[in-house]
Amino acid sequence: MKGINPLAVAGIAAIVAIVLPFVGSDYAISFSIQLLIFLVLAYSWNWIGGYAGYTHFGQVGFFGIGAYVGSLLNFHYGVTWYLAALAAAIAGALVALPLGGAMLRLKGPFFAVGMFGLARVLEAFALGFDSITGGGTGIYLKPVSDLRPIYFAVAAVAFVMLLLTWKLDNSRLGLKLLAIREDESAAESLGIPTTRLKIGTFVASAIAPAAMGSIYAVYLGFIDPPTAFAPNMELTTIAMVLLGGMGTVLGPLVGALVLSVVNEVLWANYPQVYLACVGVIVLLAVLFMPRGIVNLGMKSGWLRIGRPLFRSLAARAGQAAS
Amino acid sequence: MPVADLLVGGILLGGVYALMACGLNLIFGVMRVINFAHGDILAIAALSTVSIAVGLKLPFWVAIVVVPIGCAAFGALIHPLILRRIEGAPLIMSLLATYALSTILVNVAILIWGGGYSGLPGVLSGSVRILGINVSISRLVSFACAIGVSLAVWWVLEYTRFGRAVRSVSAAPELASISGIAIERVRLATFALGTAMAGFAGVLVAPAFAIDPQLGSRFIIKAFAVIIVGGMGSYPGAILAALLLGVIEVFGSYLAGAVIGSAFLFLLMLAVLLVRPRGLLGAGVRV
């Protein structure tokens, strides 16, 4: 293997991630937390959207559910933020299970529109049931003095998501999901239990966003319906996966890194055209680079950290395990 | 409960939904593309109408003529630039492309018109008494125009040469192509027609509703609900479902407040998706 050593890259990244909160400014930590939250969202979306191929416009719904479950627990009962996040994750899974069983019977545009509508229903409920959620005024949480524990928690979750995606990409399960993406009826006829796998993937991809929603609320110290169910959160997440490469291990990572930096620059300098710029990026990616940066890099050879390497790493890990 | 008032209010509201959903449905039928930007075209058309009538002080009918033509031109521009290039791609690409287009349009609208609400006071104001019910003239006119245009387009689809071409491209693009129909030209014309219908709906919305750049996202989910309840690709289904959902929304808002009332629509949509995904009058669409 010529060029850069991927393990060295990963090692340096890990050291930077651990050292950063102790040397970085508050701004750096704050920015990193946002980046990592988006990274987790992108990896979750990648499972259902990238691998199983279901266009999921409702992930932000689970993010919002988590945000409200966590915030309400924190606000009314004083539950610590990590326990609240855990409860939010469980709530996300409990909501996703029956919902997935129902919604995943729909295909293609029906699923997309159904989930899109569902996120809006949830937002309407959050606004409408103002005796519970505080409605448009929102809920104000006690601000946290130290962001570092949050940073480490989110970083750990992001790392686990990366690891799980890597395992998934090298497993029969991942291949089965790809088969569902390419042709669901054919997959079914080959004996793949498509319904069970789809629902499982849907639930799995709802857990982490719900936890992130809860943590995001603590991080902001505030939650209201437009923040919890923000459509541009959804768009940014999908844009990250699309830009990096859907259905790849490194796609969400690359996409989240690139787009977070771009977002930050846009927010700082041109906040009034921020959304349009993200839209243009998605549009350009769809038109000219639908397979994403990672695939482009692997094809042209300037990105060595690609699928073949991960395959060989996984093979070695598999041998070591057996 | 003032049942008659609510019923009439609901049906009048349903008219605009019908026009909008018919355009969306037409585009979906012919191109298999769900146009997430449809609502934002409506919002921009409504805002342009306000600018023409209030800003430029031109009569309202100028907007009725100019705005739909402008929207058709926009559609004719978008189709070759974006949609034709991703025709063979997986469905997710067209969904993402129109979703992205929608956010771009919202942002551009905010840049041009600002984020606040505007309206057209003084155009078609006042109300008339019909059968003992007070009906605002603006809502009545917008209902009549919306249903009129929807039915006219339906007539075009059913009884003209162009309409037959549209229906054959919708049912079987390959066979249509073999039969000598220039399917790309039909798709372009259909997309332009669909966006023009959204634009006309926007013109009709302007005197009757408070409008802001976010109006599109509120309308698009209602239009989604309409075409799913009515059946994707079914024209009469969309008109009937629009009237039905208009009535449900008005009754829901009266009973549970505006925010939760509009959520009733989506709950109905989800119920239809689960029980009868093809919709009330849909024939089942291959996707």
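How many residues does H5(A) have, and how far does H5(A) reach from its first C-alpha to its last? H5(A) has 21 residues and reaches 30 Å, close to the 30 Å expected at 1.5 Å a residue. The expected span is 1.5 Å times one less than the number of residues in the helix.

## Model and numbering

This is a predicted model: local features need pLDDT of at least 70, side-chain atom pairs count only at pLDDT 80 or more, and totals for chains, interfaces and linings use all residues. Residues are numbered from 1 along each chain as its sequence is written, while chains are lettered from A and ligands numbered from 1 in the order in which they are written.

## Chain A

Chain A has 16 helices and 2 strands. Both kinds of element are DSSP runs numbered from the N terminus: helices are H or I with at least four residues, strands are E with at least two. The C-alpha trace of chain A spans about 55 × 50 × 45 Å along its principal axes. A compact globule of 322 residues would have a radius of gyration near 20 Å; chain A has 19 Å, which agrees. That radius is taken over C-alpha atoms, and the globule rule is 2.2 Å times the number of residues to the power 0.38.

Buried residues make up 50% of the 322 in chain A. A residue is buried if 20 or more other C-beta atoms lie within 10 Å of its own, exposed if 12 or fewer, and partly exposed in between, with C-beta atoms placed from the backbone. Of the contacts in chain A with a separation of 6 or more, 79% join residues 24 or more positions apart. Two residues are in contact if their C-beta atoms, placed from the backbone, lie within 7 Å.

## A:Tyr219

A:Tyr219 is found in helix H10 (residues 194-220) of chain A. A:Tyr219 is buried, with 21 other C-beta atoms within 10 Å. Leaving out residues up to four places away in sequence, A:Tyr219 touches A:Ile33 and A:Ile150. A:Ile65 is 154 residues from A:Tyr219 in sequence and 16 Å away in space, C-alpha to C-alpha.

## Where the chains meet

In the contact between the chains, 34 residues of chain A meet 37 residues of chain B. On the chain A side, the elements giving two or more residues are helix H5 (108-128), helix H12 (231-244) and helix H14 (274-288). H5(A) gives the largest share, 14 residues. By class, the chain A side has 24 nonpolar, 8 polar and 2 charged residues. Ala, Val, Leu, Ile, Met, Phe, Trp, Tyr, Cys and Pro count as nonpolar, Asp, Glu, Lys and Arg as charged, and the others, Gly among them, as polar.

How much of H5(A) is buried? The count is 20 of its 21 residues, so H5(A) is largely enclosed by the rest of the structure.

## Chain B

Chain B holds 11 helices and 2 strands. From the N terminus on, its elements run α-α-α-α-β-β-α-α-α-α-α-α-α. The C-alpha trace spans about 55 × 45 × 35 Å along its principal axes. For 287 residues, a compact globule would have a radius of gyration near 19 Å; chain B has 18 Å, which agrees. Of those 287 residues, 54% count as buried. Residues 24 or more positions apart account for 77% of the chain B contacts with a separation of 6 or more.

## Helix H5 of chain B

H5(B) has 23 residues and reaches 32 Å from first C-alpha to last, close to the 33 Å expected. Its buried residues include B:Ser138, B:Phe143, B:Ile147 and B:Leu157. Their cover includes helix H1 (3-31), strand E2 (133-136), H6, helix H8 (183-208) and helix H10 (235-256) of chain B.

H5 (residues 137-159) and H6 (residues 161-171) of chain B pack at an angle of about 80°, with axes 5 Å apart. H5(B) and H6(B) are therefore roughly perpendicular to each other. H5(B) contributes B:Val156, B:Leu157, B:Glu158 and B:Tyr159; H6(B) contributes B:Phe162, B:Gly163, B:Val166 and B:Arg167. These contact residues divide into 5 nonpolar, 1 polar and 2 charged. Axes are lines fitted to C-alpha atoms, for helices over the stretch in contact, and angles run from 0 to 180 degrees between N-to-C directions. Angles under 35 degrees count as roughly parallel, over 145 as roughly antiparallel, 65 to 115 as roughly perpendicular and the rest as oblique.

## Two residues of chain B

B:Leu105 lies in helix H4 (residues 91-113) of chain B. B:Leu105 is buried, with 23 other C-beta atoms within 10 Å.

B:Arg32 sits in the loop between H1 and helix H2 (38-55) of chain B. Phi of B:Arg32 is near 55°, a positive value in a residue other than glycine. B:Arg32 is partly exposed, with 19 other C-beta atoms within 10 Å.
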